[in-house]
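Open the viewer and keep the selection panel at hand. We start with one definition, then go from the whole chain to single residues.

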Amino acid sequence: QVELVESGGGLVQPGGSLRLSCLASGNFFSIHAMGWYRQPPGKQRELVAMITSDGGTRYGSSLEGRSTISGDNDKNTVNLEMRSLKPEDTAVYYCHADRVETLGLEFVDFWGQGTQVTVSS
């Protein structure tokens, strides 16, 4: 079993910054990629950013240019730095682990429970 534990959400004023962190814990061999998705109220879940185990990154259009993703393979963590936040960035942000190689030699995706980010004055 793999658990993704998210932290760092909360309330921030427009123009502010926020850092989200996610830790993957449990028993597994490897993780292909980790990243962040978000789901604004009444909208579909969308990619924010992801980083692969070899350091490759991909950003969604919503926060591109205003976010930086980083990861630590040894610690199984991923961080998302967000800046110049806008009210439309308000959403539940979900950590995602892509193609986790389990002890049963299967490749499974996992999701965190989500952390609320609210951008408001």
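Buried means a relative accessible area under 20%, and exposed means over 50%, with partly exposed in between. Keep that cut-off in mind for two later stops. One caution before starting: this is a predicted model.

**Stop 1: the whole chain.** Show the protein as a cartoon and colour by secondary structure. There are 11 strands and zero helices. From the N terminus on, the order of elements is β-β-β-β-β-β-β-β-β-β-β. The radius of gyration is 14 Å, close to the 14 Å that the globule rule gives for 121 residues, so the protein is as compact as a globular protein of that length. Now orient along the principal axes. The C-alpha atoms fill a box of roughly 50 × 25 × 20 Å.

**Stop 2: surface and contacts.** Of the 121 residues, 44% count as buried. Next, contacts: among those with a separation of 6 or more, 55% join residues 24 or more positions apart.

**Stop 3: charges.** Select the charged side chains. The protein has 10 positive and 14 negative charges.

**Stop 4: alanine 49.** Select strand β5, residues 46–52, and find alanine 49 in it. Is alanine 49 buried or exposed? Its relative accessible area is 0%, so alanine 49 is buried. Which residues does alanine 49 touch, beyond those up to four places away in sequence? Select Gly35, Trp36, Arg58, Tyr59, Gly60, Ile69 and Leu80. Then draw a C-alpha to C-alpha distance from alanine 49 to serine 67. The two are 8.2 Å apart in space and 18 residues apart in sequence.

**Stop 5: threonine 90.** Move to the loop between β8 (77–82) and β9 (91–102), where threonine 90 lies. Is threonine 90 buried or exposed? Its relative accessible area is 17%; the cut-off for buried is under 20%, so threonine 90 counts as buried. Show its side chain and the backbone of proline 87. A polar atom of the threonine 90 side chain lies 2.9 Å from the backbone oxygen of proline 87. Finally, leave aside neighbours within four places in sequence and show the other contacts of threonine 90: Pro40, Pro41, Gln116, Val117, Thr118 and Val119.

Methods
Residues are numbered from 1 along each chain as its sequence is written. This is a predicted model: local features need pLDDT of at least 70, side-chain atom pairs count only at pLDDT 80 or more; totals for chains, interfaces and linings use all residues. Side-chain values use heavy atoms; hydrogens and water are left out. Helices (H or I, at least four residues) and strands (E, at least two) are DSSP runs, numbered from the N terminus. The radius of gyration is taken over C-alpha atoms; the globule rule is 2.2 Å times the number of residues to the power 0.38. Buried means under 20% relative accessible area, exposed over 50%, partly exposed in between (1.4 Å probe, protein chains only). Contact means heavy atoms within 4.5 Å. Lys and Arg count as positive and Asp and Glu as negative; His and the chain ends are not counted. The place of a charge is taken as NZ of Lys, CZ of Arg, CG of Asp or CD of Glu. A polar contact is a pair of N or O atoms within 3.5 Å; within protein, one must be able to donate a hydrogen and the other to accept it, and residues adjacent in sequence count only if both atoms are side-chain atoms.
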